[in-house]
Every structure is written in structure tokens, then in C-alpha cells.
Protein chains: 2
Amino acid sequence: MNVNFINPFLESLLNVLKTMASMELKPGKPNLKKDNIAKGDVSGLIGMVGPQTKGSLSITFEESLILEIMNNMLGERPSSVNEEVTDLVGEITNMVTGGAKKLLGDKGYEFEMATPVVVFGKDHTIAHKSDGQKIIMPFTCDHGTAYIEICFEV
Amino acid sequence: MNVNFINPFLESLLNVLKTMASMELKPGKPNLKKDNIAKGDVSGLIGMVGPQTKGSLSITFEESLILEIMNNMLGERPSSVNEEVTDLVGEITNMVTGGAKKLLGDKGYEFEMATPVVVFGKDHTIAHKSDGQKIIMPFTCDHGTAYIEICFEV
């Protein structure tokens, strides 16, 4: 899994949050360690299947951050994660993956997306069970941290 | 989504747990309600993409049940969910979906599987964000409850 394959996902996440929620998140240091896991309060997950590869993506948010994104995108800030928030996380997961799919398609890398699944639970952890390399990368702002994790079997 | 499409997944789950862990789970009543969500301690999720459809599957276990399955399959019972347990949940998710894929392929329904993702967090909830119908079904035994949820866009 090379950087050409990863960057479109990171770029797409920054794009989606900037254009939809007027939020500029600061990318942290990518981590390739095999035993690293993302931890947060609400996560969107999606499977990807292509002719040469298959994999999974997750975006995990701290509650404070996703509630602020909700407020910026929809003008309402629920006191905790509700169905509208999990719907939003599903939408963001779709948009980020769809944006990366378009960028990668332009470069000749093709895959199809499954439908997103959203997990809610205080301090849950996410482990991608693929034989391939995975990359996890934090994004931060004043309101909290999000982690994107991408994993492809080659 | 008709019963021909669902039964292979339920059959495959029963098969996997019976052959691999010598456990006979009792299927409960399937639920088609749109607002129903699975709740548990550790979940395996996988995306599916076919020519006509795409979707997602999750299998959610109560901790007591997955630890008993671990004990029956591998002869060791950790005191709580560790990486070996989440590996096992990923494997079960792969085996159940692979078994259903084979049964459905025999009937002319084709799909490809993404790679599994495992979520761990006490009392987390799972929401499949697909426009299609979804079905959720409990399986019980003395050691606890598992939920399988299958969701396909048509």
C-alpha cells in the first residue's frame, strides 16, 4: 500500500470537513504500527472491494468533535450522540470514501464501496482484520480528535 | 430482500458455531424494524459488494458468550476480550459470510466480501446505514446472546 493510495483518503477527509462543516483539522503523524488501534466514541466504517484488492476504512470521532461538526453542518448541537449524529457519521464516511474513490479512479485504481455501518459506544476500539498493511492517522482541532484508518489487502 | 437471501447467513452462523465451537445456539425472532439496533460488547463487521446490490453484515456478541466460544474453539478462556478474541471474531465474521456467499452463489446470487473490522466496547450499538431493508436476529444460549444483522441495498 503506497502513499498514492492513502493520500486521496486524507485529502478527502480534510475536504469534506472544510466544505461541509467549515472546519480545518490538523493532520497528525501517520502510524503504520500493526498493533495500533483507533479509540473514540462514534465510528463510521465501510468496506471496499476492487479487482486487485479489498479493504476497510474507519473514521472514529471523539464525541465533542462530532457534536461540533453536527453543529457547524446542520446548525443544531444535540447534548449527546443520537440517531441524527450517527446518520451524519454514515454520510461523512460515504462522502470521504466516495471522494477518495473518485481521486483514485482518475489514477486508474478502481474499487466499489459497500454501505456504511456506524458504531456508537463510549471509548470503543476498532481493529481492522486484514492481512495487508494499515495506516492510522489522527486529525485534531480545538474540539477533539478524529482518527482515520485505512487497510488494504494487496 | 427476500428470505432466500437471508437464510444462508443464519444457517452459516449456526453451522460455524456448531462445527467450530460445538455450540448450538437457538435462533430468536427476526426483526425488520427500521429503528432496531444491535447492542453488545464485541462485533465483527464486513462489507459486501455485488453486481446488483451492496450491503453490510454485523455479528455482535455479549462478552460472556464470545469468551465461551473462545474456550470451546481454542481451549483457553481469557478473563476479558483481548486481541486473540477480536481475531476470533474477525475469523467468525469471515467464515459466516464466506459460508453464506457459497450457499448464495449456488443459487445465482453473487457478491464479493471486503475485509472484516472488529469493534470492542462495553454496550456499544451498531447501526447499518443503508437505504435497503435490514434484518436483525438474536441467537441465544446459556452463555449469552449474539445478534446477526444483515442489510442490503437493492
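Which strand of chain B do two bridges join to strand β1 (residues 26-27) of chain B? The answer is strand β6 (residues 134-141) of chain B, and the two run antiparallel.

## Before we start

This is a predicted model, where local features need pLDDT of at least 70, side-chain atom pairs count only at pLDDT 80 or more, and totals for chains, interfaces and linings use all residues. Residues are numbered from 1 along each chain as its sequence is written, chains are lettered from A and ligands numbered from 1 in the order in which they are written, and side-chain values use heavy atoms, leaving out hydrogens and water.

## Strands within chain B

Back to that opening pair. Strands here are DSSP runs of E with at least two residues, helices are runs of H or I with at least four, and both are numbered from the N terminus. Two strands count as paired if DSSP finds at least two bridges between them. In β6(B), B:Thr140 is the bridge partner of B:Lys26.

β6(B) also has strand β7 (residues 144-153) of chain B as a partner: eight bridges join them, and they run antiparallel. A hairpin takes the chain from β6(B) to β7(B) through two residues. Look for B:Cys141, which stands opposite B:Gly144 in β7(B).

## Where the two chains meet

Now for the interface. Counting heavy atoms within 4.5 Å as contact, 29 residues of chain B touch 29 residues of chain A. Together the chains bury about 2,200 Å², with 61% of it on carbon and sulfur atoms; buried area is the accessible area (1.4 Å probe) that two parts lose on being put together, summed over both. In chain B, the residues losing the most area to chain A are B:Thr115, B:Val117 and B:Lys129, together 29% of what that side buries.

The strands join in as well: strand β5 (residues 117-128) of chain A pairs with β5(B) in the antiparallel sense over eight bridges. As part of this picture, A:Phe120 stands opposite B:Thr125 in β5(B).

A salt bridge here is a side-chain nitrogen of Lys or Arg within 4 Å of a carboxyl oxygen of Asp or Glu. Two of them are counted between chain B and chain A. One salt bridge brings together the side chains of B:Lys129 and A:Asp87 (2.6 Å, N to O). On the chain B side of the contact, β2 (38-49), β3 (54-61), α3 (83-106), β4 (112-113) and β5 (117-128) each supply at least two residues. The largest share, 10 residues, comes from β5(B).

Over all chains, the salt bridge count comes to 12. Inside chain A, A:Lys122 forms one with A:Asp41, the closest N and O atoms being 3.5 Å apart. A:Lys122 sits in strand β5 of chain A and A:Asp41 in strand β2 (residues 38-49) of chain A, so the pair ties together parts that are 81 residues apart in sequence.

## How the copies are related

With copies superposed by least squares on the C-alpha atoms of residues with pLDDT of at least 70 in both, chain B can be laid on chain A with an RMSD of 0.0 Å by a turn of 180° and a shift of 0.0 Å along the axis. That is the relation of a two-fold axis. In chain B, the C-alpha nearest the axis belongs to B:Gly47, 2.2 Å from it. Both copies use the same surface, as 100% of the contact residues of chain B recur in chain A.
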